[in-house]
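This briefing reviews a structural model by topic. Please consult the sequence and coordinates shown below alongside the notes.

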Amino acid sequence: METLIQVLIDGLLSGMVYALVAAGLCIIWGVMDVINFAHGEYLMVGMYVSYWLGFLAHVDPLVSVLASGAFVFLLGALTYKLIIRYTIRRPGLVALLATFGLAMFLKNLCMNRFSPNFRILSDTWLGGKTFLVGSLILPVPQLAAGILSLVTIGLLYALINGTRFGWAVQATAMDREAAELMGINTERIYVLIFGIGGACVGFAGGIMPSYLAVHPEVGSMFGLIAFVCVAMGGFGSIPGAFLAGLLVGIVEALAGFYIAPVFKYIAVFGLYLAVVFLRPKGIFGW
Amino acid sequence: MSRQVSRLNRWIVCLAVLALLLGFGPRVGSALAAEKVIKIGTIFPLTGPVATAGQRCQAAVQTAVEIINGKHPDIKVPLAKQEGILKGYKIVLVHADSQGKPDVGKAEAERLLNQEGVWALIGSYNSAVSKPASFVAERMKRIFMCGSSSSAALTQRDMKYFFRLAPTDATESVDFVEVLKWANKKNKANIKTLGVIYENSEFGKHAAEEAKKAAAAGGFKVVTDVPFTPGATNLNSEVQTLKKANPDAVFGAVLGADYSLWVRTMKQANFLPRIVINYCSGYQDPVIAKQLGGDANYFMGSSGYSPQFASLMPEVAAVEKIFKAKTGGVPFDGNSIQEAVAMLVLAQAIEKAGSLDTEKVVNALNANTWDSPLSLGGKVKFAKGGQNILAKSIVTQLQDGQYKRIFPEKMADAKIVFPMKPWDKR
Amino acid sequence: MNPKEANRVLGKDGPWLVFAALLFVMPFVPFVGENSFRMHIMILILLFAAMSQAWNIIGGYCGQVSFGHSVFFGIGAYGAGMAVVAYGVPPWPGILTGMIVAAAVAVIISWPCFKLSGHYFAIATFAIVEIFNRGFLVWDWVGGALGLDYPLVEEGLWNLMWHDSKTGYYYCALVLFLITFGLVRWLEGHRFGYYLRAVREGQETAESLGVNSTAVKLAAMALSAALAALCGAFFVQYNLRVDPPMVMSLDMSMKFVLITVLGGSGTLVGPLLGATVLIPLQEYSRALWGGLGGGVDLIVFGLLIIIIVVKQPAGIIGIIRDIGKHAARRRAAGKEEADHGAP
């Protein structure tokens, strides 16, 4: 029983991070109908920012989260300005392939500049600390990442659903032409949304070096899982992505422990297929 | 209209530049053909998930070539004092990137042999790449020197032109089981059960199979067998599975970033077997050991080299200086040094054979025992199939950030810390 | 994008003229100086053109963007590999079995997937690739993570293996290429081809015209998968080794899509154009920069993908079309000037 709860906790905590990575992808997809294939690489860039700040200036990841977020925000906005802008209103595949090229570019550029070495940030505030509840173990860095995830997703949800900016975003997502007629600068909305999507994953990348090694390949698997979460949650639905992230984390942990570790990703991808076969537009899709 | 034209022109310019680059690029290498050079090709995973190891291996071969080509009277390694080999021949390396993919490695082997006209190949770190790449060399009757691929299957193929320096995972597994027996006798350890954790790739899977074979032969019971996907986002369920089975000893074949994740996850789960022994993997990477700090201590692993072996291998230091200049201060590790040995032994064989006739060099390689100050034990000798039967490794343990020699006892410089110190008492 | 427009560019049967010329020239290429690297590139171009053409049937003509083709490719590869390695027979029965199994698997997994639309479908096919990849990695009967390594057997067509020269592989690749391109050319004119395009342009409309869109899509998928499996079998015979990351990976799936889309999806010559540009680019840039170890070749490759996609989403065929239009306009302009110049 205790093991089961421990496994669930582990799954829930990794699910929170998946949710945060997915939230960024989700909002971009929801507003622009673009799958950003370079999303995992955004995460990697965020981790490098946090790592270098920690390594060179001894800034703790908890603080450099903000810098990572800001940096990846700019990266996202730049991606939109330089690439995505030209692919809007064209078949979805075009943007996907362009971001695939971007992913390849970013991954190898980081390898070229920072070498393929694995980098671990030692002596962080949270690194390696755990928190005991009875015999259950709560790892503090992952817990912090989970809280960050909750806060960020909450803020994002509030931003989209409770502010004038959010209404403008929703209007743009529904019908760009109509939104433009209403006087909304949709171009600016797109830039900001790509930036905000980047910032979410930048936050995740910012905090992760306190428990995960940084290297150029680190983002690939996270990116893939984020796709699955977003599609499972439903088109552009932030609560959907959040729920799907948690679900993926839990299923991964349960399958990994109770079936076999090699089956954990099979279970995750199988779960996605099962969900979309039952609800072709995802859990919260319509 | 004019914008259209300029855009079109830009395209044409781009294409022309590209064509120029592609058309004339590969021919640059052949300018050297007129001099007395021996071209040797290297194939390593310079990009992709194991690029770190691949780039270090490449640097090691470069180091060896620098020693062979130049005059280094202060380095006590064969061929260091003279300039070049065969009375004035210099070695020129042609590098290729396998990306860690077998098909790419094979294509690059063909390109190097046919297109670049290299005389022999060195590579390829990944066992899965070494297999098809050496197959190409064998068919073309070219020598393939393999430094660090550890799959025992490589030298069970009865190849004539294939030579491998590193010990295989089969001999390593037998060594590891010996360590367990030794600990049982010496420390009254009462180790009975064994767990195996490995990345689910050619390397890990093969190591695990050999481990299970050796464990069965040594009378140990394998209670859990945990393969995982390399590049995983977390290793929680893997560690929980280990924890549940709670084996006395664990053998690990966990590479790179996964190794650090594994160690940290075990710490978080507050789980530690009494003894952990690693195949050539993340444990041997001096950078990872340093970055993990105290958490890396008391883990064990086999190693053909580590800077702390200096007293056994005094000649390495001077060579390592050249290597460090290439890697930004990272010393040799058990894998990369084998690639340097591969290059040096090949050059020695060419010198001994006195010609560039491949058959003669192969005969020389087979017939002689080679002096190799960079190898543990100092000698290299190949058996049929190409395995270096004098390949040795020492089982080390990380103590206070230092790789201490533990086993075999006559080479040891420290006592084993057994059982491993629990996480909360460090 | 639209085959009609493509035809307008190259003349009505332009693709066929180019095609025939290629047919005529290609068999002589092996004799123009034995250069194994050039041969290797030619073989890869033909192979990847054939693979992408197989994808083009379902992805281009029928508009169902599948990222799952490496699964079928892998099944074909494993079919041939198992025949040779596990059973010690020539690969032919394995190839046939692989094609049939791939088609069957394609139908089974596509049937529920076709209910999904747009990105949901694309991501479902991603998920299937990952499931198959992981599944094959732990499936000991097919070698698991160790993969299958070919023994050295006698060369020749019977074993579909050649050792010293690549000429045999070249002709095989050419046959493969002719099969897929011939089939697709035939489809273009056949009723089934019109059904495919009708489904792409609008499922509801197609249905209202009496086209059973599910059946059409499934048939196209099965055909496409069988051809992809055939290509996979050739790939493994060429490389003499197969393991799951080599054949069943997202990377491989992306290649199917990338080459077709960059060439011009939904057109007959698109896959050939894409392969002719991308494969030499990939191989030469790796030869040139790969050894430096900085991943420069991949950086450049990534950038080029971005530039081509952003500048001309219709692919290379679009670029050719632009050039054609431009030339036509200039001719028109020149004529106009000449008219004005006349007294």
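Chain B holds an open sheet of five strands with parallel pairing, in the order β2-β1-β3-β4-β5; strands pair if DSSP finds at least two bridges between them. The model is predicted: local features need pLDDT of at least 70 and side-chain atom pairs pLDDT 80 or more, whereas totals for chains, interfaces and linings use all residues. Residues are numbered from 1 along each chain as its sequence is written, while chains are lettered from A and ligands numbered from 1 in the order in which they are written.

**Sheet of chain B**

- The edge strands, each pairing on one side only, are β2 (90-97) and β5 (162-164) of chain B; strands (E, at least two residues) and helices (H or I, at least four) are DSSP runs numbered from the N terminus.
- From one strand to the next, the twist averages 20°.
- Strand β4 (residues 143-146) of chain B runs parallel to β5(B) and is joined to it by three bridges.
- Opposite B:Met145 stands B:Phe163 in β5(B).

**Helices on the sheet**

- Helix α2 (residues 51-69) of chain B lies across β1 (37-44), β2 and β3 (120-123) of chain B, at about 170° to β2(B); axes are lines fitted to C-alpha atoms, for helices over the stretch in contact, and angles run from 0 to 180 degrees between N-to-C directions.
- Helix α4 (residues 127-139) of chain B packs on the sheet and touches β1, β3, β4 and β5 of chain B, its direction making about 155° with that of β4(B).

**Chain C and its side towards chain A**

- Chain C has 15 helices and two strands.
- Of its 343 residues, 56% are buried, meaning that 20 or more other C-beta atoms, placed from the backbone, lie within 10 Å of the residue's own.
- Contacts link 32 residues of chain C with 33 residues of chain A, a contact being C-beta atoms, placed from the backbone, within 7 Å.
- On the side of chain C that touches chain A, α6(C) gives the largest share, 12 residues.

**Nonpolar core**

- The largest nonpolar core has 364 residues, and among the members touching the most others are C:Leu47 and C:Cys231; such a core is a set of buried Ala, Val, Leu, Ile, Met, Phe, Trp, Tyr and Cys residues joined through C-beta atoms within 7 Å.
- Helix α3 (residues 36-61) of chain C supplies the largest share of this core, 18 residues.
- Domain 1 (30-166 + 311-380) and domain 2 (170-307 + 394-425) of chain B both give residues to this core, so it lies between them; domain bounds come from an automatic or database domain assignment.

Notes. Two residues are in contact if their C-beta atoms, placed from the backbone, lie within 7 Å. A residue is buried if 20 or more other C-beta atoms lie within 10 Å of its own, exposed if 12 or fewer, and partly exposed in between; C-beta atoms are placed from the backbone.
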